[in-house]
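Here is a briefing for a reader who is meeting this structure for the first time.

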Amino acid sequence: MTNHIKSTAEFAKLNRLESDLIQSQNNFIRLFNSSIVPQWIYAANSLKILIINEAAIRQYGYTAEEFLQMTILQMVPADEAKKINLFNEFLKTADTHFTVIDFHLKKNRDSIAVETTYINLRYGNQACVLVSSLDITDKIKHEEKISLAKLIRQRKITRNAINGQESERDHIWRELHENIIQQLAASKMYLGMYRSNGNIKLDYLNKAETIMLSVINETRSLANSLIPATLKIINFSSSLKNLIDIYRSSHSFDIILSCEESLNDLGEEMQISLYRIIQEQTNDILNKVNLKQVTIKLWITEQIQLLIEDDGMDLDTSNSYPGAGIANIRNRVALYNGSVRINSLAGHKTSLLISIPIENQDKNKEQLKIILVEDDPDDMELILRAFALVAPNCELTCLTDGRMLVDLLPTFNTADLPSLIVLDYNMPLLNGLETLRILELDPRFNKIPKIIYSSSDQNNIKSLCFTANAKGYITKGITMEEIKDNIQEILSFVL
């Protein structure tokens with residue numbers, strides 16, 4: 001009798017559970033169908049659409065029967081199919097949901113931009129995905145115009161900053177050359193006239209003339225340090241000889257210069273950069289002791305090669321490299337994807353060897369394409385400012401979250417692939433780790449270095465990112481100097 005009562009109670013409980021389940025399913029279907037957001041459910045393995053709501057029917061123009069004969073790949077342009085497969089494979093391995101921007105096709109083949117959310121669920125006793133699709137075509141066109149305007153503005157700011165620096169140097173040079181130097185030269189002439197007239201204090205006049213000559217030489221040296229003015233008048237090799245003559249006239253050590261005439265055919269930007277590098281390194285060498293000789297060789301093979309050797313000894317032996325100016329030299333060379341090598345030779349000699357690919361000699365770092373994904377606008381501003389200071393000519397594509405990058409994947413041709421991808425870790429919708437995992441599903445991006453650049457410094461997060469094939473993990477600096485160092489480290493993965 002007890003067993004019979006127990007069985008009856010269990011049977012009643014099962015009936016209630018089954019009734020609740022049916023009620024729950026009915027509530028889900030009612031909510032699903034009444035949603036104003038277009039939705040459908042598809043089977044994760046076959047990609048076949050299993051159920052569709054009225055809002056989706058209105059948005060896409062298919063009947064319910066037509067939808068149920070389709071797979072989700074038939075709803076997207078052919079070039080979007082690969083991305084949809086990537087999403088589906090990602091969902092099979094991730095207990096998560098995410099939102100991305102997709103492009104879908106209506107029945108009349110019109111293309112629309114949609115904000116699509118994918119959610120894993122069980123439906124009909126199989127693994128399925130619930131998709132919500134919101135048409136944002138008009139909204140995204142507006143945002144694209146704003147983003148394009150911001151990008152153009154940023155590039156103009158960077159280019160104007162560079163041009164402004166050179167214009168300012170040119171202005172200072174003209175002021176020094178056309179005003180100060182000419183006035184001092186006139187003073188020298190008048191002093192010479194006094195001496196020729198036989199005035200008595202010739203010793204003082206001679207000293208004054210000597211001082212004036214010294215001021216003229218120092219001012220001329222300053223003028224040449226601000227702008228290689230001779231490049232506007234004579235060729236590159238002659239300008240270098242003129243620069244070396246100034247160093248020789250004011251210092252006791254010997255300078256040997258070897259410069260091929262073919263370097264005169266280089267573009268003006270490259271000539272100025274090489275001029276500045278030689279100037280920077282020579283000024284650093286001036287701080288050494290027991291300096292007797294400096295050798296400068298500049299030639300072209302398959303690359304532009306610059307070798308600067310000296311036999312001086314650093315006063316500060318704790319320095320790991322000769323002179324603080326080496327940082328500026330590295331920055332300049334990095335603009336052309338070149339390399340810098342420093343060797344300490346026997347007898348305290350130091351050798352600086354710079355190599356720049358010849359194909360880049362008249363190009364700037366716009367050949368280096370970098371995708372930067374950062375959701376914090378303040379961090380983005382600081383990072384862009386640091387890039388403008390460290391490597392102003394690289395081509396930056398700035399995105400505000402991982403989903404935007406994933407949306408772009410189908411649009412990349414082989415020639416358009418970036419040189420480097422920099423990802424913040426803490427981002428909404430798709431964080432840095434999730435974005436890495438999706439990128440790994442596209443073989444075109446396997447060889448492209450991917451760097452996590454984040455304020456998170458947790459070892460477990462770093463390990464997960466390296467497991468997802470991040471090439472590097474760099475913790476964000478706080479000061480501008482620290483951020484500039486971060487950018488240098490990021491660039492080292494492609495230079």
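Five strands, in the order E12-E11-E13-E14-E15, form an open sheet whose pairing is parallel, where strands are DSSP runs of E with at least two residues, helices are runs of H or I with at least four, both are numbered from the N terminus, and two strands pair if DSSP finds at least two bridges between them. Strand E12 (395–399) and strand E15 (472–475) stand at the edges with a single partner strand each, so one side of each is left without a neighbour in the sheet. The model is a predicted one, in which local features need pLDDT of at least 70 and side-chain atom pairs count only at pLDDT 80 or more, while totals for chains, interfaces and linings use all residues. Residues are numbered from 1 along each chain as its sequence is written, and side-chain values use heavy atoms, with hydrogens and water left out.

**The parallel sheet**

- Strand E13 (residues 420–423) runs parallel to strand E14 (residues 450–454) and is joined to it by three bridges, and Val422 has Ile451 as its bridge partner in E14.
- Helix H13 (residues 459–467) packs on this sheet, touching E14 and E15, and its direction makes about 150° with that of E15 (contact means heavy atoms within 4.5 Å).

**The mixed sheet**

- Another open sheet has five strands in the order E6-E7-E8-E10-E9, and its pairing is mixed.
- Strand E6 (254–259) and strand E9 (339–344) are at its edges, each with a single partner strand, so one side of each is left without a neighbour in the sheet.
- E6 and E7 pair in the parallel sense over six bridges, and the bridge partner of Asp254 in E7 is Gln293.
- Helix H7 lies across E6 and E7, running at about 175° to E6.

**Two helices side by side**

- The axes of helix H7 (residues 236–250) and helix H8 (residues 268–285) come within 11 Å and cross at roughly 15°.

**Salt bridges**

- The whole structure holds 15 salt bridges, each a side-chain nitrogen of Lys or Arg within 4 Å of a carboxyl oxygen of Asp or Glu.
- In one of them the side chains of Asp310 and Lys288 meet at 3.0 Å, N to O, linking strand E8 (residues 303–310) to the loop between H8 and strand E7 (293–300), 22 residues apart.

Conventions
Axes fitted to C-alpha atoms, helices over the stretch in contact; angles between N-to-C directions.
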